[in-house]
Amino acid sequence: MSTTLLQSNLPGLELIHRGKVRDVYALSDDRLLMVATDRLSAFDVVLPNPIPGKGEMLTQISNFWFGKTAHLVPNHLLDVPLAEVLPPGTDLALYEKRAVVTRRLKPVPVEAIARGYLIGSGWKDYRATGALCGITLPAGLQQAQQLPEPIFTPSTKAAVGDHDQNVSYAVMVDAVGADLAGQVREATLAIYQWAAAYAAERGIIIADTKLEFGTDASGKLYVMDEMLTPDSSRFWPADEYRVGISPPSYDKQFVRDWLETQDWNKTAPGPVIPDEVIARTAAKYGEALHKLAGIRLD
Ligand SMILES: Nc1ncnc2c1ncn2[C@@H]1O[C@H](COP(=O)(O)OP(=O)(O)OP(=O)(O)O)[C@@H](O)[C@H]1O
Ligand SMILES: [Mg+2]
């Protein structure tokens with residue numbers, strides 16, 4: 001049975017961040033408890049109703065990829081049983097599939113994006129300038145076309161309500177230093193390339209993905225946050241892929257399509273989503289988890 005959780009409540013633990021999706025608690029100076037809720041955001045606004053089980057699916061997908069790519073890049077997960085860190089009396093079943101204990105890292109202040117295909121803000125920037133994050137691309141590429149090789153396109157994390165900003169690698173080097181920038185770029189492309197090949201064998205194209213990194217007290221780099229989920233990546237069913245159109249995405253398409261039919265100005269609060277749209281969206285997250293990780297949660 002999947003569980004539903006819009007907002008976590010763990011009395012006695014120090015809540016340090018309530019993000020759009022995750023609630024983050026400090027367990028100590030060097031450990032966090034991250035809880036993925038069932039909140040859904042669209043156009044950067046958190047919508048009023050949850051997608052039941054979504055946080056569990058996100059956590060299970062991330063854990064799957066963290067495990068699969070640990071030989072390439074160390075990640076933030078710690079092997080600490082949840083029962084040891086949850087406050088006494090907590091409903092373990094509500095948290096066990098959606099919460100993880102992690103290293104508490106110092107975030108590298110860029111979103112590390114790898115792109116194998118030209119879509120979204122990448123396509124927009126290319127159409128306007130012929131380049132993307134300072135990388136000049138061949139002329140005449142079409143929307144959703146595969147790039148000659150995957151590229152690393154950092155963006156800066158925007159303040160709440162703002163959209164992230166694509167930046168050049170040189171800007172990233174200025175912000176974090178050449179050594180760290182180089183490590184992040186290499187790790188991002190290594191993870192993307194490995195995962196894209198893995199997904200391709202299962203009929204899914206990973207068009208692009210966003211990773212986050214952090215460093216520990218000694219300066220060692222880890223990949224953190226979430227990994228290769230429908231929230232952080234564009235997954236396309238390979239059999240529906242065509243160059244020149246924006247392929248249907250795996251997850252939020254139903255919600256976005258429905259929202260476009262509403263008289264809503266894309267600022268909070270968002271409209272209540274109908275049950276039918278919720279159910280179809282939940283099914284999509286479940287499908288991604290099953291197709292990629294071979295896991296079913298129901
Ligand atoms: N191991 C880690 N150490 C420190 N911070 C982490 C770690 N893993 C993830 N984070 C941070 O925890 C937060 C997760 O929350 P969530 O993804 O819901 O936030 P968000 O809405 O995407 O972003 P924002 O931080 O702007 O609210 C992010 O800010 C992420 O950078
Ligand atoms: Mg996030």
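Colleague: Which residues does Pro230 touch, not counting residues up to four places away in sequence?
Modeller: Two residues are in contact if their C-beta atoms, placed from the backbone, lie within 7 Å. By that rule Pro230 touches Phe235, Tyr250, Asp251, Tyr285 and Ala288. Before going on: this is a predicted model, in which local features need pLDDT of at least 70 and side-chain atom pairs count only at pLDDT 80 or more, while totals for chains, interfaces and linings use all residues. Residues are numbered from 1 along each chain as its sequence is written, and chains are lettered from A and ligands numbered from 1 in the order in which they are written.

Colleague: Where does Pro230 lie, and is it buried or exposed?
Modeller: Helices (H or I, at least four residues) and strands (E, at least two) are DSSP runs, numbered from the N terminus. Pro230 lies in the loop between strand 15 (221–224) and strand 16 (233–237). A residue is buried if 20 or more other C-beta atoms lie within 10 Å of its own, exposed if 12 or fewer, and partly exposed in between, with C-beta atoms placed from the backbone. Pro230 has 22 other C-beta atoms within 10 Å, so it is buried.

Colleague: Ala114 brings up strand pairing. Which residue in strand 11 does Ala114 stand opposite?
Modeller: Two strands pair if DSSP finds at least two bridges between them. Ala114 stands opposite Phe152 in strand 11. Strand 11 (residues 146–152) runs antiparallel to strand 8, and three bridges join them. Strand 8 also pairs in the antiparallel sense with strand 14 (residues 204–215), over four bridges, and there Ile113 stands opposite Lys210. With strand 12 (residues 155–156), strand 8 pairs over two bridges, again antiparallel; Thr156 is the bridge partner of Val110.

Colleague: Why is strand 8 largely enclosed by the rest of the structure?
Modeller: Eight of the eight residues of strand 8 (residues 110–117) are buried, so the strand is largely enclosed.

Colleague: How many residues does the largest nonpolar core have?
Modeller: In soluble globular proteins, nonpolar side chains tend to be buried together. A nonpolar core is a set of buried Ala, Val, Leu, Ile, Met, Phe, Trp, Tyr and Cys residues joined through C-beta atoms within 7 Å. The largest one here has 69 residues, and those with the most contacts inside it are Leu33, Ile61, Ala195, Ile206, Phe213 and Val223. Helix 6 (residues 178–200) gives the most to this core, eight residues. The core draws at least three residues from each of domain 1 (1–104) and domain 2 (107–240). Ala195 is in contact with Trp65, Thr69, Ile206 and Leu228, leaving aside its neighbours within four places in sequence.

Colleague: How many residues of domain 1 are in contact with domain 2?
Modeller: Domain bounds come from an automatic or database domain assignment. 15 residues of domain 1 are in contact with 17 residues of domain 2. On the domain 1 side, helix 1 (54–69) and strand 6 each supply at least two residues, and the largest share, six residues, comes from helix 1. The centres of the two domains, taken over C-alpha atoms, are separated by 23 Å.

Colleague: Why does ligand 1 lie between the domains?
Modeller: Domain 1 and domain 2 both give residues to the shell around ligand 1, so it lies between them. A residue is near a molecule or strand if its C-beta atom, placed from the backbone, lies within 6 Å of it. Of the 17 residues around ligand 1, Gly19, Lys20, Arg22, His76 and Met224 come nearest. Strand 2 (22–28), strand 6 (99–103) and strand 14 each supply at least two residues of this shell.

Colleague: What about backbone angles?
Modeller: Most residues other than glycine have a negative phi, and most peptide bonds are trans. Asp44 has a positive phi of about 65°; its place is in the loop between strand 4 (41–42) and strand 5 (45–46). A cis peptide bond joins Ala268 and Pro269, with omega about -5°. Pro269 is found in the loop between helix 7 (253–260) and helix 8 (275–293).
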